[in-house]
Amino acid sequence: MTNLVEFGTPAAMPPSERRLLLVFDGGNAPGYASVAVALTEEASRRGYEVWAATEGFRSLTPDATNEPRFERLIVSRRERYALLAKGIPARSMGRRVLDAGSDFRSERYLGFHDAQNRRAAAETLRTQGFSHLVGVGGNGTFEGLRALLGEISPRVPTGFVNVSIDNDLAGDRAIGFLSGVEAGATIARGLYEDAYTHKRIYLLEMMGNRSGRHALHCGVAARAHLIVLPFFQFPEAVLRETAAALSQADYALVVVAEGYERERRAREMPGASASEFLRRQLEAAGLVDSAQKRVIAEPFSRYLRGVRPAFLEISAAYVKASLLFDAFEEGRTEIMPFVLASNDVGVRPFHLIAREDRVERAFLPLLARLQIPGFSTWIRDNFTSEKTSL
Ligand SMILES: Nc1ncnc2c1ncn2[C@@H]1O[C@H](COP(=O)(O)OP(=O)(O)O)[C@@H](O)[C@H]1O
Ligand SMILES: O=P(O)(O)OC[C@H]1O[C@](O)(COP(=O)(O)O)[C@@H](O)[C@@H]1O
């Protein structure tokens with residue numbers, strides 16, 4: 001097939017003081033598309049020329065694999081036709097507000113940890129004439145954006161929108177977290193019913209490599225009997241007591257976060273999922289899988305990735321976009337809009353944003369619904385300090 005169209009780049013457009021680049025990166029989360037729509041609409045309203053990198057940070061570097069590397073985002077179909085007629089790749093975004101997944105991503109790009117690639121990215125920003133930059137993703141994307149800023153001189157007004165299932169940045173509720181919990185808890189609750197029906201013990205692995213929030217809220221909401229957070233390392237006595245309590249239970253659902261004993265697993269049982277590792281630990285401590293009473297480890301699943309975002313996430317996406325561009329208008333830069341509740345919103349400067357893997361202290365007594373006094377004491381003695389909870 002012949003290549004009918006040679007796509008125009010941002011640099012081919014007349015210069016603009018409001019040329020905004022959106023870079024989406026990191027783990028897929030419900031609401032990515034909603035954020036793309038909200039940012040496009042709110043920015044267009046304020047006179048920005050909006051572009052998106054088609055495969056995240058990678059598009060800005062010589063490692064880009066997708067052409068065109070940048071697409072113009074607009075809201076109306078007519079504008080799209082006009083741009084296409086000029087050879088400018090354009091997408092109209094309005095109708096994508098409920099979509100699952102993202103149009104502007106590929107596999108994660110580890111090359112961005114290399115300063116040389118980030119320098120090339122800074123140069124691309126300059127040569128393409130981008131005057132404003134907004135990153136969209138989770139904690140890793142935020143780190144990538146900060147590292148990129150270190151290579152840009154002079155810096156351009158920059159923002160970040162937190163979209164993540166893990167919800168691991170302090171002082172914000174990430175877009176995607178609520179929908180992720182909704183989908184995750186639905187799966188967990190389904191397995192709970194199955195455990196009840198067949199009198200089984202399920203060990204269900206849920207998302208959360210370092211952050212325990214997704215597993216925690218899914219587990220509590222699904223009435224899991226036990227929740228194992230990613231930063232737990234059980235003492236033998238607690239494992240034995242837990243194995244004994246599960247052996248006596250009629251049925252049980254145990255939720256275990258994906259990152260549980262990650263390093264130890266890699267050393268001692270390479271390839272084993274967190275749930276399988278916990279199953280073997282409990283087996284060694286006396287919890288026996290038998291034909292009458294099955295003990296089943298469910299491996300890490302990504303089923304909740306394809307779900308559409310909850311409408312509350314979409315309204316949060318719009319508020320975040322609006323807050324961000326208002327802040328740009330006020331001359332502020334290197335900021336993240338936050339939404340904790342309807343009236344608890346604002347923007348935070350990058351230097352005050354920190355990764356948050358701890359869980360809220362008030363939820364700690366809800367980790368075990370079985371009578372496991374040793375477990376509860378261990379939690380109280382080890383995880384209720386300022387260092388490990390908030
Ligand atoms: N410290 C870092 N330096 C440079 N780039 C980074 C850094 N951390 C993450 N990135 C970039 O951000 C991308 C997204 O990070 P990741 O941890 O996968 O996602 P999330 O945003 O979901 O937490 C990575 O693929 C990489 O390109
Ligand atoms: O499915 P992948 O791409 O391997 O990613 C797995 C990671 O994505 C997540 O599910 C979600 O991560 P984010 O919330 O940071 O986007 C993590 O819990 C998990 O470690």
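Before you click, some housekeeping: residues count from 1 along each chain as its sequence is written, while chains are lettered from A and ligands numbered from 1 in the order in which they are written. Because this is a predicted model, local features need pLDDT of at least 70 and side-chain atom pairs count only at pLDDT 80 or more, totals for chains, interfaces and linings use all residues, and side-chain values use heavy atoms, with hydrogens and water left out.

**Stop 1: the largest pocket**

Select Gly-26, Gly-27, Arg-108, Gly-140 and Asp-166; of the 41 residues lining the largest pocket, these lie nearest its centre. A pocket here is an open set of points on a 1 Å grid over the protein atoms alone, with protein on both sides within 12 Å along at least five of seven lines, and lining residues have an atom within 4 Å of a point. The space comes to about 1,200 Å³, the volume being what is filled by probe spheres set on the points, which are joined across faces, edges and corners.

Color the lining by class and you get 11 nonpolar, 16 polar and 14 charged residues. (Ala, Val, Leu, Ile, Met, Phe, Trp, Tyr, Cys and Pro count as nonpolar, Asp, Glu, Lys and Arg as charged, and the others, Gly among them, as polar.) Helix α4 gives the largest share of this lining, six residues; helices are DSSP runs of H or I with at least four residues, strands are E runs of at least two, and both are numbered from the N terminus.

**Stop 2: ligand 1**

Now pick ligand 1, which takes the space of the largest pocket; sitting there requires more than half of a molecule's atoms to lie within 2 Å of the grid points. Its shell has 17 residues, with Gly-27, Arg-108, Tyr-109, Gly-140 and Thr-141 the closest (a residue is near if one of its heavy atoms lies within 4 Å). Helix α4, residues 139-149, supplies the largest share of that shell, six residues.

Which polar contacts can you draw? The side chain of Arg-108 has an N or O atom 2.3 Å from an oxygen atom of ligand 1. A polar backbone atom of Gly-138 is 2.8 Å from a ligand 1 oxygen, and one of Asn-139 is 3.3 Å from a ligand 1 oxygen. (The cut-off is a pair of N or O atoms within 3.5 Å.) Taken alone, ligand 1 exposes 560 Å², of which the protein buries 80%; areas are Shrake-Rupley with a 1.4 Å probe.

**Stop 3: ligand 2**

Stay put: ligand 2 also takes the space of the largest pocket. Residues around ligand 2 include Gly-27, Arg-108, Asp-166, Arg-302 and Arg-305, and by class the shell has two nonpolar, four polar and five charged residues. Oxygen atoms of ligand 2 lie 2.4 Å from a side-chain N or O atom of Arg-302, 2.7 Å from a polar side-chain atom of Arg-108 and 3.2 Å from a polar backbone atom of Gly-27. The protein covers 82% of the 480 Å² that ligand 2 has on its own.

**Stop 4: the second largest pocket**

Move to Pro-230, Phe-231, Gly-259, Arg-262 and Glu-263, nearest the centre among 14 lining residues. The volume of this second largest pocket is about 260 Å³, and its lining has three nonpolar, three polar and eight charged residues.

**Stop 5: the cavity**

Last, select Ile-187, Leu-204, Glu-205, Met-206, Met-207, His-214, Ser-301 and Leu-304, which line the largest cavity, a set of points where a 1.4 Å probe fits but cannot get out. About 70 Å³ of space lies inside. Strand β7, residues 201-206, gives the most to this lining, with three residues.

Conventions. Polar contact = N/O pair within 3.5 Å; in protein donor to acceptor, adjacent residues only side chain to side chain.
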